[in-house]
Amino acid sequence: MVTDEAQLYTIEGISAALLMVITAYLILSSTSILTPGDTHISDMQLEQLGNDVLKMMDTAEEFDETGVTIYEKKQSYLEEELSKDLSNPNSFTTDFIDKFREYAGDDDKKVKVFLVTSYWDGSEIKTVGCWDASVAPPFTGRDHYVTVTRWVHLNDPAWPAWDPGHAKTVLLEVYLWRD
Amino acid sequence: MIDDSGQMSIDFLIGFTIFIIGIIIVVTLMSGLLVGLQSKTIDLDAVAYRTGVILVEDPGQLNPENPYGYADEWELIDLAYKDDILRLGMALSKDYPNILTRAKVEGFFDSSFFSYPDDYRRTLFFTGEGMYEYHFNILLTDPNSYPSIGEPVPTNQQYGYIKRAVFIKEPPNGAEFICTGDPERVDINFDFSTLHDGDRGPIFWIDPLKEKIIIRLITDAGVELDNVYLSHVDENGIISPIPGQYNLPVTTSGDPAPPYRVNIPDDGSGAGYVEIEFPQGYFEPFSASKFQLSFDFADAAGNPQSYDYDYSVPSLSSPLTPATLEVCVW
Amino acid sequence: MAFIISITIFFLALIANQSTLVGKTTAEAVLDFPKNDIQDLKHEILRIREVYATDPNVNPNDFNSAIQKIAIAKKSSILHYSIDASDPSLETQIYFNNGITEYNEVYY
């Protein structure tokens, strides 16, 4: 006894179902999901540690009475090392890595560093070749790294070779990653 | 009158069925959407980070109405006024983050002063009764010691973690003055404005108001110490003993004093010593900046000797000590 | 019936959708605050001030151009400072702007 009465029930049911499915699909496709790349929390720990260690390296450990100028009396490790002649950066590289690990706590041997020093020479920004990559952990750029920076003031640097002794402020950028 | 007119029409049934299938599909799609909103997780890493910043970059804060009139020197106050501490922090001052003072470090980890865990929860995590009770473990790793506060870190649970690298400013080493020659009196002069040397700055200077001062005199064996007293020197050079600051306690190579008079015997090296220690905050109540500490010897043959307590004393200030502070919260 | 259900679902899902974004932007404001950059800059300016304030040969404001150029290129931030050497208290003004946070300080 199939007739064509009460077709509206059917139509109502179909249209209701379609309406709900389309609504649900529209909403779900517009939800944003927080991916791990958006939250910087896991990077923040490494970044904060890196900033702390650089701050320690840029603070003198002791007041040096024998220094002549006020600059020398409170000269920090970074100020002293970057003022030297950097044509052979091998010793600076190994020393920096050791000092970094010492300040960060000895068990963090998994933290690897790479650094770049930039300065302004009057017309463009140049970098100083102060890092010897052969004794340092290889920096491929493919590991997930954080960058921490520190301004260092050099009163009497031994470089560049054509204009030594010119006081300058340089920016030290350190790339940190965990293996 | 029983007939079949009460049954639902087949069209209605088909429509209803399609509707129900549709709603089942929708609910299945949506079921994962609201699940995340029900969880009660606290971002523990953020709590640990915040606690690390308060400990390392903030000198702390006292209630402005505290009886001492201090702003952030919570390590100098007495146990009775512990509740005036609003916030604990170990930094030297707001302008020098990541430099901690040894006095504050010792005060923080002193379990006889702060009652674990309530005081820490109130002043560091800012939770009280009825709020979530944070479990924490704070560990300072210093080349000589490993003080820590809190429960052991759980191995089966997620916890928030931060590690900060800091320097600790140590109090001055003991100052030694050689006072042989049997003097009848030895004067040690303190000038706080010389000690607060502008060139050195707050990180490297000695602050006698907040750090403990140790003075040791090397004397001949057999001298008799009669009195140790403190005087105030005003800007005209007039010396006036401070009332109540006499018969100060000292340790010697013989009996300790008081009671005076004390015989200083040979300590085995051919000389004797007298040592006095002023705990941190001792000079704070006397609002003056020049003092003289005098040691009177009885039956002495020599003239009075005078020394200055300033940076000419060899190896008086110590270098900064590197350390790391780890905070775990769960 | 279906209209009511679908509108209710739509409304609830809209709330759920927006809530994740709200939480993220609030947390981001805390994470993005350049605390380390500002502390570093202040330390550097105070070091320059300490070294050159009494030096007759060097004007402490000379380092402004170097710092500005390096900061724009490497750290995407604008900064400048001025040290008043004629003032006995050496009033120092520091300005920092990294596009999200602007910081001004006068230090005596």
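Student: Among contacts in chain C between residues at least 6 apart in sequence, what percentage join residues at least 24 apart?

Tutor: The model is a predicted one. Chain C has three helices and three strands, and along the sequence these run α-α-α-β-β-β. Of the contacts in chain C between residues at least 6 apart, the share that joins residues at least 24 apart is 33%.

Student: What percentage of the residues in chain C are buried?

Tutor: A residue is buried if 20 or more other C-beta atoms lie within 10 Å of its own. Chain C has 108 residues, and the buried part of them comes to 22%.

Student: What distance separates the C-alpha atoms of C:I100 and C:S86?

Tutor: C:I100 belongs to the loop between β2 (92-97) and β3 (102-107) of chain C. C:S86 is 14 residues away from C:I100 along the chain, and their C-alpha atoms are separated by 34 Å.

Student: Why does chain B count as more spread out than a compact globule, and what is its radius of gyration?

Tutor: Chain B contains six helices and 18 strands. For 330 residues the globule rule gives 20 Å, and the value for chain B is well over that, so the chain is more spread out than a compact globule. Along the principal axes, the C-alpha atoms of chain B fill a box of roughly 140 × 40 × 40 Å. The radius of gyration of chain B is 33 Å.

Student: In chain B, what percentage of the contacts with a separation of 6 or more come from residues 24 or more positions apart?

Tutor: Buried residues are 31% of the 330 in chain B. For contacts in chain B with a separation of 6 or more, the part from residues 24 or more positions apart is 73%.

Student: Which elements give two or more residues to the side of domain 1 of chain B that touches domain 2 of chain B?

Tutor: The domain assignment of chain B has domain 1 (44-170 + 322-329) and domain 2 (175-309). Their C-alpha centres lie 34 Å apart. The contact takes nine residues from domain 1 of chain B and seven residues from domain 2 of chain B. On the domain 1 side, the elements giving two or more residues are β3 (91-93) and β4 (96-101) of chain B.

Student: How do the residues on that side of domain 1 of chain B divide into nonpolar, polar and charged?

Tutor: Domain 1 of chain B gives nine residues to the contact. They divide into five nonpolar, one polar and three charged.

Note on methods. Residues numbered from 1 in each chain as written. Chains lettered and ligands numbered in written order. Predicted model: local features only at pLDDT ≥ 70, side-chain atom pairs only at ≥ 80, totals over all residues. Domains from an automatic or database assignment. Contact = placed C-beta atoms within 7 Å. Helix = DSSP H or I, 4+ residues; strand = E, 2+ residues; numbered from the N terminus. Nonpolar A, V, L, I, M, F, W, Y, C, P; charged D, E, K, R; others polar. Rg over C-alpha atoms; globule rule 2.2 N^0.38 Å. Buried ≥ 20, exposed ≤ 12 C-beta atoms within 10 Å, placed from the backbone.
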